[in-house]
Amino acid sequence: MGDKMKQEVENLSSLRDQVRRMGGEEAVAKHHGKGKLTARERLDLLIERGTFVEVGMLGSEFGVDELVPADGVITGYGKVNDGVRSRDVAVAAYDFTVRGGSMGAVNETKVTRIREIALRERIPMIWLNDSGGARVSGGGLSGERVALFADSGYLFKEESLMSGVIPLIAAMMGPGYAGTAYIPGLSDFVPMVKGTSFMGLGGPALVKSVIREDLTEDELGGSRIHCEISGCGDLEVNSDEECIRAIKEFISFFPQHCEEKPQRKDWPGDSMSLIGDGILDVIPDSAREAYDMHDIIEYIADDGYFFEMKPRWGRNIMVGFVRIGGYSLGIIANNPMFYGGVIDIDAADKAARFIWLCDAFNIPLLFLSDVPGFMVGSKAEKSGIIRHGAKMIHAVAEATVPKFTLIVRKSYGAGYYAMCGKSFDPDLLIAYPGAEISVMGPEGMVSIFARKQLAEAENPQEMVERLADEIRPQINIFKTAKHGVIDDVIDPRETRRVLFRALELTRDKKIFRHPRKHGVYPV
């Protein structure tokens with residue numbers, strides 16, 4: 001090696017070291033003081049040692065003389081061990097210690113490049129978001145920078161077109177305002193770190209300037225707001241480390257892209273053995289008494305483990321992932337603990353989005369039905385329960401993955417359809433003893449067909465209960481089974497065995513639909 005090349009290599013090594021120092025010791029210390037890991041520390045936790053290939057490491061802000069390390073975003077690809085396999089992923093980790101992780105021209109050029117690689121190689125795309133949004137500092141808000149805005153926005157278009165092709169994960173590990181708020185908005189999984197992550201189309205300063213609301217970041221778009229109220233966040237976690245673990249768990253249920261199936265996890269247990277007698281005690285004797293559907297899922301799932309999505313939003317319906325005999329399975333379950341398990345607007349939206357996600361990536365669906373129907377009343381109608389409910393029904397109807405329906409206790413009215421009733425082509429339609437399928441519950445029937453008697457009764461509620469108890473045997477599941485419209489009534493202890501065999505049977509399921517561009521989806 002000549003002297004000139006040696007000098008060039010030394011210069012390169014020095015430049016790389018400078019880039020790896022990110023915003024410098026002071027900026028890193030300030031970042032740590034907020035309880036946050038740096039972008040490179042996050043990557044060290046996510047990516048297997050020695051496998052990360054950084055793309056665009058030497059990029060720096062256009063139009064300024066000083067070095068802006070990696071222009072505030074670290075991009076590249078590497079391997080993630082998710083507990084099932086070691087898989088390649090593409091990553092963009094915004095570095096808040098450099099220009100607040102803001103999106104400049106070079107920054108976005110780098111992210112565009114890694115998006116291209118992710119889509120071309122068909123590997124999951126992961127964003128570790130910690131960004132103040134579009135860059136207006138550094139080189140200043142020049143006329144040239146403003147003019148360049150007209151040539152921006154490719155991120156939103158391209159992420160939309162990536163949707164359903166490869167898994168898209170946007171971890172909120174800091175702020176995500178303006179442009180960076182739509183990265184999670186268009187993604188499949190959005191974990192948010194409690195106390196340090198925020199997202200919104202405008203930050204507190206802009207909101208105060210425009211509409212005179214004086215709010216903190218947490219009040220405006222913190223993890224509680226989006227994981228409990230708006231539904232934009234999927235999971236609230238307590239630390240950066242927990243966030244990285246959640247990413248790995250989520251992706252473990254998925255294939256690399258839409259033309260693969262999820263890889264089966266090694267399962268040492270006996271999938272054909274019976275569940276313990278404890279499952280028989282979960283469902284109360286009284287049809288009016290609530291129970292927690294989590295308890296049923298715990299008995300069904302391998303190791304009792306349920307990776308729940310949006311656990312604190314739309315709590316009357318539950319969605320998430322389990323494994324049975326190592327197979328990935330998406331669950332949609334009514335939870336009687338909240339509003340009796342009724343399907344309201346949030347529940348319908350939550351279920352529809354999850355069904356579309358699983359269907360896109362070939363993950364079978366299990367519907368655990370204990371539903372009194374859709375929400376009724378003036379508030380529900382004014383809020384558009386019909387169009388939101390239609391969204392869920394549309395999703396169930398067009399899903400082509402294996403679909404299994406278990407009537408746990410009841411399935412009434414249009415709720416029966418939305419929870420994948422007979423006409424929605426379930427590959428397996430089973431029920432527990434004591435379950436009911438009906439146009440409505442006995443109490444509803446009494447209120448309609450005996451309204452004259454109820455109006456004259458001394459104790460209407462007592463009459464409703466008495467007449468409902470007389471009707472209930474007429475809608476017992478054994479009468480339904482007698483007509484052959486369900487596949488079987490099973491002992492709850494057989495649930496894992498029955499579902500495991502159904503998963504094996506439908507492993508290569510294919511359904512052909514009428515050619516079309518796409519459906520016209522309810523909003």
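Predicted model: local features only at pLDDT ≥ 70, side-chain atom pairs only at ≥ 80, totals over all residues.

Residues are numbered from 1 along each chain as its sequence is written, and side-chain values use heavy atoms, with hydrogens and water left out.

Start with helix 13 (residues 345-360) and helix 15 (residues 385-398), whose axes come within 8 Å and cross at roughly 20°. Helices here are DSSP runs (H or I, at least four residues) and strands are E runs of at least two, numbered from the N terminus. Axes are lines fitted to C-alpha atoms, for helices over the stretch in contact, with angles from 0 to 180 degrees between N-to-C directions. Helix 13 and helix 15 are therefore roughly parallel to each other (angles under 35 degrees count as roughly parallel, over 145 as roughly antiparallel, 65 to 115 as roughly perpendicular and the rest as oblique). On the helix 13 side, the contact (heavy atoms within 4.5 Å) includes Ala352 and Trp356, and on the helix 15 side it includes His388 and Met392. The residues of this contact divide into ten nonpolar, two polar and four charged (Ala, Val, Leu, Ile, Met, Phe, Trp, Tyr, Cys and Pro count as nonpolar, Asp, Glu, Lys and Arg as charged, and the others, Gly among them, as polar).

Where does helix 13 turn up again? It gives the largest share of the lining of the largest pocket, ten residues. A pocket is an open set of points on a 1 Å grid over the protein atoms alone, where a 1.4 Å probe fits, with protein on both sides within 12 Å along at least five of seven lines; lining residues have an atom within 4 Å of a point. Of the 46 lining residues, Ser163, Ala352, Arg353, Trp356 and Leu357 lie nearest the centre of the pocket. By class, the lining has 18 nonpolar, 14 polar and 14 charged residues.

Now compare two further pairs. Helix 4 (residues 105-121) and helix 6 (residues 154-162) pack at about 15°, with their axes 11 Å apart. That makes helix 4 roughly parallel to helix 6. Helix 3 (residues 39-46) and helix 11 (residues 240-252) pack at about 40°, with axes 10 Å apart, and are therefore oblique to each other.
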